[in-house]
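Open the model in your viewer and show the protein as a cartoon. This tour gives one selection at a time and says what is there.

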Amino acid sequence: MAMASLYRRSLPSPPAIDFSSAEGKLIFNEALQKGTMEGFFRLISYFQTQSEPAYCGLASLSVVLNALSIDPGRKWKGPWRWFDESMLDCCEPLEVVKEKGISFGKVVCLAHCSGAKVEAFRTSQSTIDDFRKFVVKCTSSENCHMISTYHRGVFKQTGTGHFSPIGGYNAERDMALILDVARFKYPPHWVPLKLLWEAMDSIDQSTGKRRGFMLISRPHREPGLLYTLSCKDESWIEIAKYLKEDVPRLVSSQRVDSVEKIISVVFRSPPSNFNQFIRWVAEIRITEDSNQKSQRGEKSRLKLSNWCRRKCHETELFKHINKFLSTVGYEDSLTYAAAKACCLGAEILSGSPSKEFCCRETCVKCIKGPDDSEGTVVTGVVVRDGNEQKVDLLVPSTQTECECGPEATYPAGNDVFTALLLALLPQTWSGIKDQALMHEMKQLISMASLPTLLQEGVLHLRRQLQLLKRCQENKEEDDLAAPAY
């Protein structure tokens, strides 16, 4: 039987007051005069309607992250980096959210994973007086925004649990402005703060815990200059488990007497899809960096990204990994990346999906432009339905010296391997029985000697690993704090 269609809902008033009503405008003007609508203008500039009935948490977070001008570090569509619900997949696959919604702990996890600074509280961890102070803090500033999760029934609205940003506060009336992301259902509305607290102070039946609120602000620096990860490649979850749980066990249970042996143990024992995952991460960065190369406003960011990667190449750990991969004939290297790049180029030229192409042969050359800028030209013969097409593609260089050779001129498996090992916690290697070797390994992965930008990129990956492990262990509802390093 087909479901009956609906066109909006009438906002129950009282207790809520429609933002666009005469009284709603008056409340707004009063709050504006008192300085507690400062965050509103940023939020409303990036306000969006949730695209799925269960996407209220994702939509709320997208609005806030964009209002804070946080760079996601990866593309949304075309050349644009922008937070959209579809980008928020670090802690929970979108298919699961679409079907079941998302919990408070998972939204907090997503905010952390996206690089934001987050303070989260359940009502059992705070008081209404503290909540009021936080509301005043966020609504009096453009640099901090609040998301609340509450039960609609307290406001006599249809539905159950819901997320939305708090857009303003009227101190004289003690009322908060809810910017409801379900705009197809209810408009933005003012509600008594005491009633909002009551709506938050309810039990989420899916977790058995009380709802709450979170304060989100900008990080010190954008996090995604190296790599940023998501659940779009399903193998990532399995890889994260391997890195966080199996690697410490392997290095402590096997006889390792050198750094090369440790690296061998780590890279000879992973899940079967490990190489596929590494290739996927490298390809994502190749594609995004290539697009940035042509965007004038992105040159400085690409320059920083390439600088970080060069510094990563200068580490002793990278040299060990590169040497190991060269001895085992790692299949990802140049040939695969070049063939994939050519197929992507053919896709752009023809408008057909890249999976319809195969690359028969490739040639890679490192070149210098008139301004001494570097690049790598990949030439390939792409075949589709028996027809051959020659494709030339310029991809970015991450080395300052062409003499380094074409293998090192683009993001590849050795980059990703190094970044992932650097991102593992130091205690990963504590089980190594040879004390001198354990000390040497900890020195190799130490961030003390790394430049600040590279440290921050590695810490971002470390945070994502910690958060995903937290979700795997179903601890995201118990621990709302940022991961400890």
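Start with Trp76. The model is a predicted one, and in it Trp76 has a relative accessibility of 33%, so this residue counts as partly exposed. Trp76 sits in the loop between H3 and H4.

Together with Trp76 they make a nonpolar patch on the surface, and the accessible area of the three comes to about 350 Å².

**The whole chain**

In the cartoon you can look for 16 helices and twelve strands. The chain has 485 residues, and 55% of them are buried. Switch to a surface display: the chain exposes about 21,900 Å², with carbon and sulfur atoms supplying 50% of that area.

How much of the contact in this chain is between residues 24 or more positions apart? Among contacts with a separation of 6 or more, such pairs account for 67%.

**The disulfide**

Cys91 is in the loop between helix H3 (56-67) and helix H4 (94-100), while Cys109 is in helix H5 (residues 104-113); the pair is 18 residues apart and links distant parts of the chain.

Turn the view to look along the S-S bond. Is this disulfide left-handed or right-handed? The torsion about the bond between Cys91 and Cys109 is about -80 degrees, and therefore the disulfide is left-handed.

Both partners are below the 20% cut-off for buried residues. Cys91 has a relative accessible area of 4% and is therefore buried. Cys109, at 3% relative accessibility, is buried as well.

Two further cysteines can be selected here. Cys138 counts as buried because its relative accessibility is 3%. Cys312 is also buried, at 2% relative accessibility.

**Salt bridges**

A search of the whole structure finds 19 salt bridges. The next selections show some of them.

Select Arg42 and Glu142. Their side chains meet in a salt bridge, at 3.9 Å from N to O. Arg42 belongs to helix H2 (residues 38-45), and Glu142 lies in the loop between helix H6 (128-139) and strand S3 (144-151); this pair links distant parts of the chain, 100 residues apart. Arg42 is partly exposed, with a relative accessible area of 32%. Glu142 is partly exposed too, with 37%.

Next, select Arg81 and Asp71. They form a salt bridge in which the closest N and O atoms are 2.6 Å apart. Arg81 and Asp71 both lie in the loop between H3 and H4, so the pair ties together parts that are ten residues apart in sequence. Are these two residues buried or exposed? Arg81 is buried, and Asp71 is buried too.

Then select Glu477 and Arg122. In this salt bridge the closest N and O atoms are 2.7 Å apart. Glu477 has a relative accessibility of 8% and so counts as buried. Arg122 is buried as well, at 5%.

To end this part, select Glu23, Glu30 and Arg173. These three residues are linked in a network of salt bridges.

**A threonine in a loop**

For the last stop, select Thr315. Where does Thr315 lie? The residue is in the loop between helix H11 (299-313) and helix H12 (316-328). Its relative accessibility is 10%, so Thr315 counts as buried.

Show Phe318 and display the distance from its backbone nitrogen. A polar atom of the Thr315 side chain lies 3.2 Å from that nitrogen. Then show Thr418 and Leu450: Thr315 is in contact with both, leaving aside its neighbours within four places in sequence.

Technical notes: Residues numbered from 1 in each chain as written. Predicted model: local features only at pLDDT ≥ 70, side-chain atom pairs only at ≥ 80, totals over all residues. Heavy atoms only, no water. Helix = DSSP H or I, 4+ residues; strand = E, 2+ residues; numbered from the N terminus. Buried < 20%, exposed > 50% of the residue type's maximum accessible area, 1.4 Å probe, protein only. Contact = heavy atoms within 4.5 Å. Areas by Shrake-Rupley, 256 points an atom, 1.4 Å probe, with all protein chains shown as cover. Polar contact = N/O pair within 3.5 Å; in protein donor to acceptor, adjacent residues only side chain to side chain. Disulfide = S-S within 2.5 Å. Patch = residues over 30% accessible without salt bridge, like charges linked within 9 Å, V, L, I, M, F, W, Y side chains within 5 Å. Salt bridge = Lys/Arg side-chain N within 4 Å of Asp/Glu carboxyl O.
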